[in-house]
Amino acid sequence: NATQPLSKAPKTTVYDTAGGPYTHNFDPAARWAKVIVTGGGGGGAGVSNNGYGGSAGGTAIKQFDIATATADIVVGAGGSAGGGTGGDSSDADGTNSISATAGVSTTAVGQGSGGDINIDGGYGNGDSTTAGTLHASGGASYWGGGGKSSITAVAYGSGGGGHRSTNSAGASGVVVIEEHF
């Protein structure tokens, strides 16, 4: 169980290519896992003389005893520039279901679900109603800050930046699985 001492270093697998489902095969010797799931970030957008950053995807973190041989993984895409909604991410093994919804524009953040810890993504700044908001940053995710204006978000699940004429995409989500022995 999760409180027993480790017999060797954990094995970490990172799924960061949008899409799926991918099949994760647990090492038969692994006793428990820690999983971090983050949804894709929303794309930044702009209208007229205003810009607004996309919101970040949520994150769920869970530790559990491994009871199955495999898990199905889905990694959410980042939302497209111009206000696109990101994609949801998930990890499901038949016993545990951990998911994180995507960030959208400034109207809603992504949320984690099914974790021991569930974290909302951050809101992007700026808005589409206040004149003069020309450069806006995307929302920060568990992994770091969002994009700025036309600079694409890099940290997993962070929101894209917004500008009145040039916007950036949100970053893809991620599923990280640490297997402990």
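Which residue of E14 does Thr38 stand opposite? Thr38 stands opposite Val174 in E14. This is a predicted model, in which local features need pLDDT of at least 70, side-chain atom pairs count only at pLDDT 80 or more, and totals for chains, interfaces and linings use all residues. Residues are numbered from 1 along each chain as its sequence is written, and side-chain values use heavy atoms, with hydrogens and water left out.

**The sheet**
- An open sheet is formed by 5 strands, in the order E1-E14-E3-E6-E11, and the pairing is antiparallel.
- Strands (E, at least two residues) are DSSP runs, numbered from the N terminus.
- Two strands pair if DSSP finds at least two bridges between them.
- Strand E1 (11-15) and strand E11 (117-119) stand at the edges with a single partner strand each, so one side of each has no neighbour in the sheet.
- From one strand to the next, the twist averages 10° (axes are lines fitted to C-alpha atoms, and angles run from 0 to 180 degrees between N-to-C directions).
- E3 and E14 pair over 7 bridges, in the antiparallel sense.

**The nonpolar core**
- The largest nonpolar core has 17 residues; Phe26, Val35, Ile73, Val175 and Ile177 touch the most other members.
- Strands E3 (32-38), E6 (59-65), E7 (70-75), E9 (97-100) and E14 (174-180) each supply at least two residues of this core.
- Such a core is a set of buried Ala, Val, Leu, Ile, Met, Phe, Trp, Tyr and Cys residues joined through side-chain atoms within 4.5 Å.
- Buried means under 20% relative accessible area, exposed over 50%, and partly exposed in between (1.4 Å probe, protein chains only).
- In soluble globular proteins, nonpolar side chains tend to be buried together.
- Not counting residues up to four places away in sequence, Val35 touches Ala60, Ile61, Lys62, Phe64, Asp91, Ile98, Val175, Val176 and Ile177 (contact means heavy atoms within 4.5 Å).

**The salt bridge**
- A search of the whole structure finds 1 salt bridge (a side-chain nitrogen of Lys or Arg within 4 Å of a carboxyl oxygen of Asp or Glu).
- Asp116 forms a salt bridge with Lys62, and their closest N and O atoms are 3.6 Å apart.
- The pair links distant parts of the chain, 54 residues apart: Asp116 is in the loop between strand E10 (112-113) and E11, and Lys62 is in strand E6.
- Lys62 is buried, with a relative accessible area of 17%.

**Proline and glycine**
- Gly20 to Pro21 is a cis peptide bond, with omega near 10°.
- Pro21 is found in strand E2 (residues 19-25).
- Gly122 lies in the loop between E11 and strand E12 (135-136).
- Gly122 is partly exposed, at 21% relative accessible area.

Methods
Helix = DSSP H or I, 4+ residues; strand = E, 2+ residues; numbered from the N terminus.
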